[in-house]
Amino acid sequence: MIKYWSFLEEYKKNKNRFLSNINKTLIKGNIFFGKQLNIFEKRFIKKYKSKYGIAVGSGTDAILISLLALNLKKDDEVIVPANTAIPTVSAIVNAGGKPRLIDIEDDYLTSVSKIKKATNKNTKVIIPVHLYGQSCQMEEIMKFANKNKIKVIEDCAQAQGAKYKNKFVGTFGLSGCFSFYPTKILGTYGDGGFILTNDFKFFEKIKRIRFYGIETNNHKKKFFNEYYAYENGINSRLDEIQSSILNLKFKNVDNLIYKRRKIASIYIKNLKNLKIILPEQNTKCFHVYNTFTLYHKKRKYIMNYLKNNNIQSRIIYPYPIQKMKGYEKIKKVKDLSNTEKFSKGIFSIPLYPELKLKDVLKICKNLKNCIKSI
Ligand SMILES: Cc1ncc(COP(=O)(O)O)c(C=O)c1O
């Protein structure tokens with residue numbers, strides 16, 4: 001069976017290094033807020049050319065904490081695409097805001113023209129989602145947001161290392177929110193996330209919110225590092241075990257992206273003449289292919305064909321947000337036609353750095369045979 005995704009290959013290859021690093025960390029008596037976290041935070045901020053940043057417990061928390069720092073009021077609206085992961089939307093609700101769903105373009109992404117149509121006097125935040133590994137048109141979105149005094153929180157969970165006009169995602173808006181969920185570009189062996197920002201005041205606030213509202217940032221503060229809450233916070237720590245794994249993997253992150261792009265290019269080369277819609281890399285974008293997502297009206301048939309030939313595939317995402325019971329009453333624009341159309345035909349095939357060339361070619365061969373038979 002060619003798995004849609006697996007970490008085992010990577011783990012077996014690096015097991016000794018991972019375990020020895022974890023042991024070195026634990027033997028020093030650190031579990032939280034130790035050296036590994038410190039090193040990782042510094043590296044991540046430097047690599048993605050941001051001024052400040054904090055690691056948090058998950059990508060969901062990165063979005064939640066960013067939004068909590070904005071003190072949303074009951075009627076404040078947050079614009080978000082309907083074709084996204086549930087947590088982009090749950091974070092808005094949990095931060096006390098009102099999500100307003102918008103449609104996507106043919107590239108599956110949020111655009112300024114879709115954002116404009118949904119903006120009203122209550123719009124406080126826009127969350128562009130850099131879905132599948134490709135950046136939204138961030139310059140244009142920032143221009144509109146700045147003009148209308150709307151904050152931008154970027155959901156970069158699937159797009160670490162992606163760029164728009166040579167600038168990294170996560171560095172355009174007030175904050176960039178990343179996920180280290182195992183299937184992501186830099187996956188750990190548990191949960192983890194990161195918030196980048198260039199705004200010092202915002203940075204201080206998200207750092208407090210991450211840790212029960214306690215001040216751990218500035219030595220001059222009266223209650224520095226005391227068990228004293230300056231404000232209401234949550235608990236969202238990235239522990240030393242996950243940080244030590246991430247530190248080892250992070251050194252190699254460009255290579256992980258290189259391998260993903262290489263596999264994507266083999267898929268594109270082999271599948272380009274078939275009657276199926278392939279993911280496109282927009283001009284001005286550097287795509288990191290967190291997923292390789294195709295579109296075909298006969299998705300079910302194709303996925304079954306692949307399954308019968310021992311190839312797993314997945315739908316990311318099968319239900320637009322407004323179609324799920326938990327979000328039935330959500331605010332939305334009238335026209336979500338692209339989201340609805342795509343949700344009926346998108347499916348993703350295996351793409352991860354350890355995927356073997358022979359498996360990539362087997363997938364191509366099977367897809368070719370299948371599509372020609374339709
Ligand atoms: C687009 C998007 N946003 C947010 C998240 C949430 O990240 P996490 O699973 O680390 O909480 C994910 C991951 O599933 C995602 O794909």
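Which residues have the most contacts inside the largest nonpolar core? This tour of a predicted model begins with that core.

**Stop 1: the core**

Select Ile65, Leu67 and Ile195, the residues with the most contacts inside the largest nonpolar core, which has 96 residues. Helix H3 gives the most to this core, with six residues. Now colour the two domains: the core draws at least three residues from each of domain 1 (8-250) and domain 2 (253-372).

Next, centre the view on isoleucine 65. Leaving aside neighbours within four places in sequence, isoleucine 65 is in contact with Val56, Ile195, Ile206, Ile209, Arg210 and Ser236. Display these side chains together with that of isoleucine 65.

**Stop 2: two loops with positive phi**

Proceed to the loop between helix H3 (59-68) and strand S2 (77-81), where asparagine 71 is found. Asparagine 71 is not a glycine, and yet its phi is positive, near 45 degrees. Is this residue buried or exposed? Asparagine 71 has 12 other C-beta atoms within 10 Å, and therefore it is exposed, since the limit for an exposed residue is 12 or fewer.

Then select lysine 49, in the loop between helix H2 (35-47) and strand S1 (52-56). Lysine 49 also has a positive phi, of about 50 degrees, although it is not a glycine. Lysine 49 counts as exposed because it has 12 C-beta neighbours inside 10 Å.

**Stop 3: helix H10**

Select helix H10 (299-308) and display its buried residues, Ile302, Met303 and Leu306. Why do they line one face of the helix? Look down the axis of H10: the buried residues fall within an arc of 95 degrees, so they line one face.

**Stop 4: beyond H10**

Just after H10, select asparagine 310, which takes a positive phi of about 60 degrees. Continue to tyrosine 317, in the loop between helix H10 and strand S12 (331-332). What kind of peptide bond joins isoleucine 316 and tyrosine 317? The bond is cis, with omega about 15 degrees.

Notes:
Residues are numbered from 1 along each chain as its sequence is written. This is a predicted model: local features need pLDDT of at least 70, side-chain atom pairs count only at pLDDT 80 or more; totals for chains, interfaces and linings use all residues. Helices (H or I, at least four residues) and strands (E, at least two) are DSSP runs, numbered from the N terminus. A residue is buried if 20 or more other C-beta atoms lie within 10 Å of its own, exposed if 12 or fewer, and partly exposed in between; C-beta atoms are placed from the backbone. A nonpolar core is a set of buried Ala, Val, Leu, Ile, Met, Phe, Trp, Tyr and Cys residues joined through C-beta atoms within 7 Å. Domain bounds come from an automatic or database domain assignment. Two residues are in contact if their C-beta atoms, placed from the backbone, lie within 7 Å. The arc is that of the directions from the helix axis to the C-beta atoms.
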